[in-house]
Amino acid sequence: MNETQKILADSVNRLLTTHATRSTIQGAEEGAWPVVLWDELVDNGLTRILVPEALEGAGASWADAFVVLKAAGEHAAPVPLAETILAGFILGRAGLAMPDGVVTVMEGDFLLSEGRLSGRAVRVPWGRKASHGVALVKSGWGVEAVLAPLDYARIEESENVAREPRDTLTFERVVVETGWVELPGDALRLLGALVRASQMAGALDAITAQSVQYANERTQFGKPIGKFQAIQQQLALLSTQAAAANVAAAHACSKLDASLDGDYAAFEIACAKVRADDASSIATSIAHQVHGAIGFTYEHGLHFATRRLWSWRAEFGSGAEWADRLGRETIARGADALWPYVTGR
């Protein structure tokens, strides 16, 4: 992390500590929109961090965006910051202006004809709160980025385990803005996986910090439970899992910055999502074991991070899906090519 990124990290974490409070998160889970939090993120330019400067954005790198995404995951920010950042990147690559308000991303079965969009997207993050949705649609000439107003979409509301909106959107010949974009057809899933892996890295740091603090405060048999060797071993394993997920996600973001005109860091992103998935399974189990019964109550804040980890690991492809992709690519290259390919990256 360079000096600029350290300053960015301090600024984002201070903002989220102030505005992504427990009451804000609970209110969002009950349907309230966190106006102050979102306005602060917008006013500080964080929603446009990957939008080019020519389109009124910050023009930052994915390595910079990782700092913001990780902080959002660490603080369980109950807003579609990650989705809006990703939408801004895609629109910027297509030369389309980023609209004001909440912008989400949509994976679905779409048909684009004469500037009109038809089709259906399921489990769209924050669909009911967004003014626009961004999708990538393949055509005979390549890939088009689509900016669709959601005022004309039929919305069926749902949510994930973390009680974040995950809605179904249906379009019937809705007039949209489009732009050709030099991205692979599966770029939305690929970049979405990177965004989730980055958020998960932050959430893993959060449950690590909470578990260490609780172990040092909770006493049993006359001393903090963190003094018992068995607990220490589990906390060490928890910290290791969080660190590994952080390194994998950060490396994938840095690699993406260097390969936007090549393979789009598909290998590194797949590894990051697999690593985040594996780490989440192990780390959430340890965190709840350390906390005991209190960690399962709504009154305790541990679940804000663990429920997001359980939800995010299934989004934009599960770890198993990305592991399968890596396995198939390895088989296609042949056994003799595996080691040179890995070490050459």
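Does Arg307 count as buried or exposed, and at what relative accessibility? At 11% relative accessibility, Arg307 counts as buried, where buried denotes under 20% relative accessible area, exposed over 50%, and partly exposed the range in between (1.4 Å probe, protein chains only). The structure is a predicted model, in which local features need pLDDT of at least 70, side-chain atom pairs count only at pLDDT 80 or more, and totals for chains, interfaces and linings use all residues. Residues are numbered from 1 along each chain as its sequence is written, and side-chain values use heavy atoms, with hydrogens and water left out.

Arg307 is placed in helix α9 (residues 302–312); helices (H or I, at least four residues) and strands (E, at least two) are DSSP runs, numbered from the N terminus. A polar contact of 2.9 Å joins the side chain of Arg307 to the side chain of His303. Such a contact is a pair of N or O atoms within 3.5 Å; within protein, one must be able to donate a hydrogen and the other to accept it, and residues adjacent in sequence count only if both atoms are side-chain atoms. When residues up to four places away in sequence are not counted, Arg307 touches Glu29, Val161, Ala162, Arg163 and Tyr298, contact being defined by heavy atoms within 4.5 Å.

Four strands, given as 4 in the order β1-β4-β5-β8, form an open sheet with mixed pairing; two strands pair if DSSP finds at least two bridges between them. The edge strands, each pairing on one side only, are β1 (103–105) and β8 (177–180). From one strand to the next, the twist averages 30°, with axes taken as lines fitted to C-alpha atoms, for helices over the stretch in contact, and angles running from 0 to 180 degrees between N-to-C directions. Strands β1 and β4 run parallel and are joined by 3 bridges, with His132 in β4 as the bridge partner of Val103. By contrast, β4 (residues 132–139) and β5 (residues 142–149) pair in the antiparallel sense over 8 bridges, and a hairpin connects them through 2 residues. Within this pairing, Leu136 stands opposite Ala145 in β5, and Lys138 stands opposite Val143 in β5. Strand β4 is largely enclosed by the rest of the structure, because 6 of its 8 residues are buried. Helix α5 (residues 81–94) lies across β1, β4, β5 and β8 and runs at about 85° to β1.

A search of the whole structure finds 7 aromatic pairs. Rings of Phe, Tyr and Trp (its six-membered ring) pair if their centres lie within 6.5 Å; planes under 30 degrees apart count as stacked, over 60 as edge-to-face and the rest as tilted. The Trp33 and Trp38 rings form a tilted pair, because their planes stand at 55°, with centres 5.7 Å apart. Trp33 is partly exposed at 26% relative accessibility, whereas Trp38 is buried at 6%. Another pair, Tyr298 and Phe304, is edge-to-face, since the planes are at 75°, with ring centres 6.0 Å apart. Tyr298 has a relative accessible area of 34% and is partly exposed; Phe304, at 5%, is buried. Ring pairs also link Trp33, Trp38 and Trp126 into a cluster.

The structure holds 0 disulfides, a disulfide being a pair of cysteine sulfur atoms within 2.5 Å. Cys253 is in no disulfide, and the nearest cysteine sulfur, that of Cys271, is 14 Å away. Cys253 is buried at 0% relative accessibility, while Cys271 is partly exposed with a relative accessible area of 29%.
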